[in-house]
Amino acid sequence: MAVKPALLTSFDHSGLKPENTAIFLDFDGTLAEFAEHPDAVSVPLPTREVLGRLEKSTRGALAIVTGRPIADIDRFLAPLRLPVAGVHGLERRAAGGKRTTATVDRAKFAAMEEKLRAFTLAHPGTMVETKSGSLALHYRRRPELSEACMAAVHEAVDGFKGLHILHGKMVIEVKSGKATKADAVAAFMGETPFCGRVPLFAGDDVTDEDAFREIARTGGISIKIGRGSTVAAFRTGGVAAFRDWLGLLADSFDSRQLTA
């Protein structure tokens, strides 16, 4: 059930301690502003520096939970190399570096990709993004084609089992299995250095709502970036506002370490 979240500016983060907090962050629409092409996004150096400070102050309890592949996150956040759950949990790199990846039927995805690429050729402005175990049909430059894109995706997956369709902001994604961001957060919380801490998750999209519910179940802190119905406890206006808040959190954590 959706709730009316409180403004993030009303949240007193002074009660959070770096040694007791586990931070989970979505990427697009949370750390990076959206762009017409997925490769055109960027994360400003000051934000990457804030992430580095938070990683240090929490002793590594900072992870990215995203629909992007892990390789994308490493590239956009370089030189940081954080724990990451990629492709909505289909691939995951733990804090110690161990990687797990779901088994994928590549022939099945090749067949679906062929159909979706035929659709994009007939509809300029749309594009297919291929990932490990996932295909994403983007229509940010052609928002009027949302229903046509939906029909194309359903036609592409027709006859195939074991697939899950996700709806995001100007994108429809098909992925193997039913793993969610909530599953990824739960997996991290069962491992060092995340276990036993208060989880904090921030995201902007429909695909983050499962994680918000997992955070609520475990008594954590959930933050919705931007507009839209949500079960998150807090909301902030957009990426820039959230980046600023992360900076304040990093300042608070750093000051606690200096006085400890």
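Five bridges join strand β7 to strand β8 (residues 134-138), and the two strands run antiparallel; strands here are DSSP runs of E of at least two residues, helices are DSSP runs of H or I of at least four residues, and both are numbered from the N terminus. Two strands are taken as paired if DSSP finds at least two bridges between them. Within this pair, T130 stands opposite L135 of β8. The model is a predicted one, in which local features require pLDDT of at least 70 and side-chain atom pairs count only at pLDDT 80 or more, whereas totals for chains, interfaces and linings use all residues. Residues are numbered from 1 along each chain as its sequence is written, and side-chain values use heavy atoms, with hydrogens and water left out.

Strands β7 and β8 belong to an open sheet of four strands, ordered β7-β8-β10-β9, with antiparallel pairing. Contact denotes heavy atoms within 4.5 Å. Helix α4 (residues 146-157) lies across β8, β9 and β10 and runs at about 15 degrees to β10.

Strand β9 (residues 163-168) is joined by six bridges to strand β10 (residues 171-176), and these strands run antiparallel. The bridge partner of L166 in β10 is E173. Two residues lie between the strands of this hairpin, in which M170 adopts a positive phi near 60 degrees. Residue I172 is located in strand β10. With a relative accessible area of 2%, I172 is buried; the term buried applies under 20% relative accessible area, exposed over 50%, and partly exposed in between (1.4 Å probe, protein chains only). Neighbours within four places in sequence being left aside, I172 is in contact with L135, A136, L137, Y139, S146, C149, M150, V153, I165, L166 and H167. The C-alpha atoms of I172 and A152 are 10.0 Å apart in space, the two residues being 20 residues apart in sequence.

A further open sheet contains nine strands in the order β1-β13-β12-β11-β2-β3-β4-β5-β6, and its pairing is mixed. Strands β1 (6-7) and β6 (99-101) stand at its edges; each has a single partner strand, so one side of each lacks a neighbour in the sheet. Strand β2 (residues 21-25) is connected to β3 by three bridges in a parallel arrangement, and L25 stands opposite I64 in β3. From β3, L62 and I64 point one way and A63 and V65 the other way, and all are buried. Strands β11 (residues 198-203) and β12 (residues 221-225) pair in the parallel sense over four bridges, with K224 of β12 as the bridge partner of G203. Helix α6 packs on the sheet and touches β11 and β12, its direction making about 155 degrees with that of β12.

Helix α2 lies across β3 (62-65), β4 (84-86), β5 (91-93) and β6, at about 45 degrees to β5. Residue D72 lies in α2 (residues 70-77) and counts as buried at 11% relative accessibility. The side chains of D72 and R75 are joined by a polar contact of 3.1 Å. Such a contact is a pair of N or O atoms within 3.5 Å; within protein, one must be able to donate a hydrogen and the other to accept it, and residues adjacent in sequence count only if both atoms are side-chain atoms.

Helices α5 (residues 181-189) and α6 (residues 209-217) pack at an angle of about 40 degrees, with their axes 7 Å apart. The two helices are therefore oblique to each other (angles under 35 degrees count as roughly parallel, over 145 as roughly antiparallel, 65 to 115 as roughly perpendicular and the rest as oblique). In this contact, K181, A182, V185 and A186 of α5 meet D210, A211, E214 and I215 of α6. The contact residues divide into five nonpolar, no polar and three charged. Buried residues of α6 are E209, A211, F212, E214 and I215, and their cover includes α5, β11 and β12.

Notes:
Axes fitted to C-alpha atoms, helices over the stretch in contact; angles between N-to-C directions. Nonpolar A, V, L, I, M, F, W, Y, C, P; charged D, E, K, R; others polar.
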